[in-house]
Structure formats: structure tokens, C-alpha cells
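The following note comments on one chain, point by point. Please read it alongside the sequence and the coordinates.

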Amino acid sequence: MKDLIHRAAGDLVRSTNAVALTGAGISVESGIPPFRGKGGLWERFDPMEYAHIDAFMKNPAKVWDVLIKEMKGIIDNARPNNAHKGLAKLEKLGILKTIITQNVDGLHQMAGNTDVIEFHGNFAWQRCMECNNRCETKKIDIGQIPPRCECGGIYKPECIFFGEMIPPQYLRRSEMAALACDTILVIGTSAGVQPAATIPLIAKQAGAKVIEINLERTPLSKESSDYIILGKAGEVLKTLTTEIERLLNI
Ligand code: APR
């Protein structure tokens, strides 16, 4: 595996416009559970019952009580791990330009990346469904469920629920980044949820190299990946950035 990582590092050093697509797996080492696979949230919860917009609108108290309250407890305390820090380092080195993330945890920004497209929105803010007032999730009082704004309206996280549309400007910017990049790092995503899963395919068709980092193979591995690095994102990124710094004599 080290040899594979070293070859990927060689490609990244030559890259002038790399992009990363990240998913839940990159935040697992920060203590945030993934959605699918071992220990995944969707093993415990039916996403159609707790993460679909219709379910939230029908019974916001239930969704807040079971899923959002738990997510708040985990995300409020999560910190970037070596994978987030590695991507921040790649931006500082001028290699990585943009991160497209399916995650809502804000850890890429906390690690220091400045151009992050939050494809599925973010959990850092809540919006009142009546008056549109925004409140930081950290400051939300969960003494009453569902939490309410001063106007009496219910707060909803600024995440994209199943059944909601990806904001068109995020989709457009992501597609443009994919078309323009020369390398795409695909980290910790099962590559099964559309339209995010098509981003690496767009990049590949436009001539980019695809470096996939995951614990296991995904549908993307066979179709598009030039490098399939099987391992924990934090450990792989640590080795990868160390090798890049060695190649750059830093
Ligand atoms: N390092 C690298 N990869 C990991 C690690 C780790 N430490 N832990 C888990 N993985 C991999 C798993 O093997 C899996 O392929 O991360 C992937 C996580 O997949 P999902 O849970 O499906 O996450 P993601 O692809 O981001 O899901 C997409 O689905 O339900 C929705 O809206 C939710 O944004 C989410 C979307």
C-alpha cells in the first residue's frame, strides 16, 4: 500500500488543480458515525422515517428527538482528524483547490480549508421555518424539543434532507470544479448517493486522475479509480502528505 500511496503522491506533486470529494468516512476518525456499513446510522434508523423532508415536516419533534439531538451532541464536540488536516495542508501547498463534501459537520473549514462546497448543506446553522431567522446549532436550547425560535417557529438544520433539492449553485460549482481539475481525491464515500457520486465520473471523463481512499472498494473503484488505496483516511492522508513534503523538500 505504501508504494501505491507514494505513486499517488508523485501525481499530486505534479498536479496544479486538485479537487477532493469527501463523504462520511473521512469524519469517522473524528468520532462521527457513517451512514452505511458497519456502525452506520442507517443500520439503526430508517432514513425515510428520520431523514426525509416529509418525515421532518410531518413530525419535527420525533426527528429532533431521535436523530438531530444525537447528531448535535456528536458534531458539537467533533474535531478535525489527520485526514481533514492533510487536506488543509494540501491546500496550503497550492495543490488542492476545492473540496466538495457531502458532510455537514464543518470539519474541513475547522481544519483550515477555505474553498469548501457543502453539497448537502451544513449542520452548524438552524433556520426557523416560520420567520427564516438563523441560529447557530451550538447555541440552540434543546431543553424543549423541537427547539423553537422566539417567533414560535420550529428550527430546522440547514442540511439537505432526502427529498430536498441540492442547491443548483452548489451543483454547478461542483461540476465546474470536476471538469477543470487534473486530479480528484475521493475520500470516505460509498459513492452511492446521487448526484454527488457522478462528480468523480465527470472529472474522469474530462481527463483527471482519480485517487480513491476508502476502507473498502466502492462502485467507483471498478469504473473510474486510477488508485484504490484501502485504509483509514487519517492514516493514508498522513503518509500521503509526508511523502509529498519529502518530494517537495519541505
Ligand atoms: N476511512 C476511509 N473510509 C472510511 C472510513 C475511514 N476511517 N470509515 C468508513 N469509511 C468508508 C466506508 O467504507 C464507506 O464506503 O466511508 C464510506 C461511508 O459511506 P456512507 O456512510 O454512505 O457516506 P457518504 O458516501 O458520505 O453518504 C452520502 O448519504 O445518507 C446520505 O446524506 C447522507 O451525505 C450522505 C450521503
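Leaving aside its neighbours within four places in sequence, with which residues is leucine 67 in contact?

1. The model is a predicted one. Within it, leucine 67 is in contact with Leu41, Trp42, Phe45 and Tyr50, once neighbours within four places in sequence are left aside.

2. Leu67 also figures in the largest nonpolar core, which has 25 residues. Together with Ile68, Phe123, Tyr155 and Phe161, Leu67 touches the most other members of that core. At least two residues of the core are supplied by each of α2 (41–44), α4 (53–58), α5 (60–77), β4 (121–128) and β6 (155–159). The greatest contribution is that of α5, with six residues. The core draws on both domains, taking at least three residues from each of domain 1 and domain 2.

3. The domain assignment should be kept in view here. It gives domain 1 as 1–32 + 81–120 + 167–250 and domain 2 as 33–77 + 124–159. The C-alpha centres of the two domains lie 28 Å apart. Contact between the domains involves nine residues of domain 1 and ten residues of domain 2.

4. Two packed helices are described by the angle between their axes and the distance between the axes. For α6 (residues 82–92) and α11 (residues 233–247), the axes come within 7 Å and cross at roughly 30°. Because angles under 35 degrees count as roughly parallel, α6 is described as roughly parallel to α11. The crossing in which α6 passes α11 is left-handed.

5. The residues that meet between these helices can be listed for each side. From α6 they are Asn82, Ala83, Gly86, Leu87, Lys89 and Leu90. From α11 they are Ala233, Gly234, Leu237, Lys238, Thr241, Ile244 and Glu245.

6. Proline 195 is found in the loop between β7 (183–187) and α9 (199–205). Its relative accessibility is 24%, so proline 195 counts as partly exposed; the class lies between the cut-offs of under 20% for buried and over 50% for exposed.

7. Not counting residues up to four places away in sequence, proline 195 touches Phe119, Ile166 and Leu171. For the pair formed with isoleucine 166, the separation is 29 residues in sequence and 8.5 Å in space, C-alpha to C-alpha.

Definitions and conventions. Residues numbered from 1 in each chain as written. Predicted model: local features only at pLDDT ≥ 70, side-chain atom pairs only at ≥ 80, totals over all residues. Heavy atoms only, no water. Core = buried A, V, L, I, M, F, W, Y, C linked by side-chain atoms within 4.5 Å. Buried < 20%, exposed > 50% of the residue type's maximum accessible area, 1.4 Å probe, protein only. Helix = DSSP H or I, 4+ residues; strand = E, 2+ residues; numbered from the N terminus. Domains from an automatic or database assignment. Contact = heavy atoms within 4.5 Å. Axes fitted to C-alpha atoms, helices over the stretch in contact; angles between N-to-C directions. Parallel < 35°, antiparallel > 145°, perpendicular 65-115°, else oblique. Left-handed = near helix turned anticlockwise from the far one by under 90°.
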